[in-house]
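Hi,

Here is the structure I said I would pass on. Have a look at it first, and then read on for what turned up.

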Amino acid sequence: MPSYPTPSHARPGPRRRSLLTGAAAGAAGAVLLSGCSDSDSADAAERSSAAARLRARAAGDSKDLLGRYDAVLAAHPGLAGRLDPLRSEVKRHAAALAEGAAPPPSPSGSPAASGSPAPKASVPKDEKDAVRDLAEAERELAKQRGHALLDAPAELARLLASVAAAGAAHAYLLTEGDK
């Protein structure tokens, strides 16, 4: 015959001693966490600042690429039908990356830091060469973004990955006409 445990007269639920011990441990944990929160918040602020700088740099790269598209279109207006859809995507990428980016650095006197636009790249006279240069610029930027996303926080990494993939697709579409 199976033996059944004898009923106990103890009340169900936790004992007073366990509740007091748990409360004391919880208070000690809160003290430990609050001690770490200052350094954690400093680390979070530093990561956030680094992410904002990365985002600003990526937005600037997209704006530079947009300038290259504009230069090619100005030199070769006949390419508008082929380049306009890609250019509009690059413009959207620049806008998406600019959201939440760090403000540009204050002018320090040097042309690069003064916020003046970078000098326009020379555009080849031949349309095929101009398109090939754009494809190379798209490919190089996609590669840079692929490397940069490794150090980016998750949300920015996803955005950089998406923009890098679009850049690689643009490079493919630009070189597809050469085949």
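Searching the whole structure, which is a predicted model, turns up four salt bridges.

Start with Arg87 and Asp70. Their closest N and O atoms sit 2.4 Å apart, and the two form a salt bridge. Arg87 belongs to helix α2 (residues 80–98) and Asp70 to helix α1 (residues 16–75), so this pair ties together parts that are 17 residues apart in sequence.

Glu89 is partly exposed, at a relative accessible area of 27%, while Arg92 has 56% and is exposed. The cut-off for exposed is over 50%, which is why Arg92 gets that label.

Then move along to helix α3 (residues 127–148), where Asp129 and Arg132 are also three residues apart, with about one helical turn between them. Their side chains form a salt bridge, again 2.8 Å from N to O. Here both partners are partly exposed: Asp129 at 31% relative accessibility and Arg132 with a relative accessible area of 39%.

A bit of background on these pairs: side chains of opposite charge can pair when their charged atoms come close.

While you are at α3, have a look at its neighbour. How do the axes of α3 and helix α4 (residues 154–176) cross? They come within 8 Å of each other and cross at roughly 160°. Angles over 145 degrees count as roughly antiparallel, so that is the label for α3 and α4. The crossing of these two helices is left-handed.

If you want to colour the contact, the residues on the α3 side include Val131, Leu134, Ala135, Glu138 and Arg139. On the α4 side, they include Leu160, Val163, Ala164, Gly167 and His170. What kinds of residue make up the contact of α3 with α4? They divide into 11 nonpolar, four polar and three charged.

Over to you, and happy browsing!

Technical notes. Residues are numbered from 1 along each chain as its sequence is written. This is a predicted model: local features need pLDDT of at least 70, side-chain atom pairs count only at pLDDT 80 or more; totals for chains, interfaces and linings use all residues. Side-chain values use heavy atoms; hydrogens and water are left out. Helices (H or I, at least four residues) and strands (E, at least two) are DSSP runs, numbered from the N terminus. Buried means under 20% relative accessible area, exposed over 50%, partly exposed in between (1.4 Å probe, protein chains only). Axes are lines fitted to C-alpha atoms, for helices over the stretch in contact, and angles run from 0 to 180 degrees between N-to-C directions. Angles under 35 degrees count as roughly parallel, over 145 as roughly antiparallel, 65 to 115 as roughly perpendicular and the rest as oblique. A crossing is left-handed if the near helix is turned anticlockwise from the far one by less than a right angle, and right-handed if clockwise. Contact means heavy atoms within 4.5 Å. Ala, Val, Leu, Ile, Met, Phe, Trp, Tyr, Cys and Pro count as nonpolar, Asp, Glu, Lys and Arg as charged, and the others, Gly among them, as polar.
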